[in-house]
Amino acid sequence: VHGVPRGYSVDEEGNPDNRCFERRHQDGPVTKTKAMIDLPHLQENLEVAAAYPLEMQNSLSELGFKGGSIVYYEDLVSHEYSAENLVQSASAWKSLLASLGVTARTKDIKHALKKAVGTY
């Protein structure tokens, strides 16, 4: 976040692991991913991360997007984890679209999201 060292992914032995999406779709035994956290910068990272949504909302307002609401990424993609979260994701997308002046029907949003259910 904003150039502050955060840490990096490591494998079970603590070795750096940059595979990201490849790791999620590998054949064979699943590798447990862990994180090496940069503790000296942890507080700074948390403070920057907490301020980020409001900063983005202000930036969008300056660009002419008025009245936008904050919608969390986790809510937008929660359907990718489980079909049980489809309603939550659809609601988040509807809120995001509405804040940008786009009217969308919930059933259409759900239909579009169903393709990605359980893909994570």
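Contact here means heavy atoms within 4.5 Å. By that criterion Pro53 touches Ile70 and Tyr72, leaving out residues up to four places away in sequence. The model is predicted. Its protein chain has five helices and two strands, arranged along the sequence as β-α-β-α-α-α-α.

**Chain as a whole**

- Of the 120 residues in the protein chain, 16% count as buried.
- The protein chain exposes about 8900 Å², and carbon and sulfur atoms supply 57% of that area.
- Among contacts between residues at least 6 apart in sequence, 52% join residues at least 24 apart.

- Helix α2 covers residues 42-62 and has 21 residues.
- From its first C-alpha to its last, α2 reaches 30 Å, close to the 30 Å expected at 1.5 Å a residue.
- A bend of about 40° occurs in α2 at Tyr52, and a proline, Pro53, follows within four residues.
- Pro53 itself lies in helix α2.
- Pro53 has a relative accessible area of 23% and therefore counts as partly exposed, since that class runs between the buried limit of 20% and the exposed limit of 50%.
- Pro53 and Ser69 are 16 residues apart along the chain, and their C-alpha atoms are separated by 9.7 Å.
- After α2 comes Gly64, with a positive phi near 105°.

- Helix α3 spans residues 73-76, and Leu63 lies in the loop between α2 and α3.
- Phe65 is found in the loop between α2 and α3 as well.
- Leu63 is exposed, because its relative accessible area is 67%.
- Phe65 counts as partly exposed, because its relative accessibility is 42%.
- Leaving aside neighbours within four places in sequence, Phe65 is in contact with Leu60 and Leu100.
- Leu60, Leu63, Phe65, Leu100 and Val102 make a nonpolar surface patch of about 470 Å².

**Helix α4**

- Helix α4 takes in residues 86-99, which is 14 residues.
- At 1.5 Å a residue α4 should span 20 Å, and its end C-alpha atoms are 20 Å apart, so the two values agree.
- The buried residues in α4 include Leu86, Ser89, Ala90, Ala92 and Ser99.
- Among the elements covering the buried residues of α4 are α3 and α5, the latter at residues 106-114.

**Salt bridge**

- Side chains of opposite charge can pair when their charged atoms come close.
- The structure holds one salt bridge.
- Arg105 forms a salt bridge with Asp108, and the closest N and O atoms are 2.8 Å apart.
- Arg105 is partly exposed, with a relative accessible area of 49%.
- Asp108 also counts as partly exposed, at 38% relative accessibility.

Terms used
Residues are numbered from 1 along each chain as its sequence is written. This is a predicted model: local features need pLDDT of at least 70, side-chain atom pairs count only at pLDDT 80 or more; totals for chains, interfaces and linings use all residues. Side-chain values use heavy atoms; hydrogens and water are left out. Patches are made of residues with over 30% relative accessible area and no salt bridge: like charges are joined within 9 Å, nonpolar side chains (Val, Leu, Ile, Met, Phe, Trp, Tyr) within 5 Å. Accessible areas come from the Shrake-Rupley method with a 1.4 Å probe; for residues, only the protein chains shown count as cover. A salt bridge is a side-chain nitrogen of Lys or Arg within 4 Å of a carboxyl oxygen of Asp or Glu. Buried means under 20% relative accessible area, exposed over 50%, partly exposed in between (1.4 Å probe, protein chains only). The expected span of a helix is 1.5 Å times one less than its number of residues. The bend at a residue is the angle between axes fitted to the seven residues ending there and the seven starting there.
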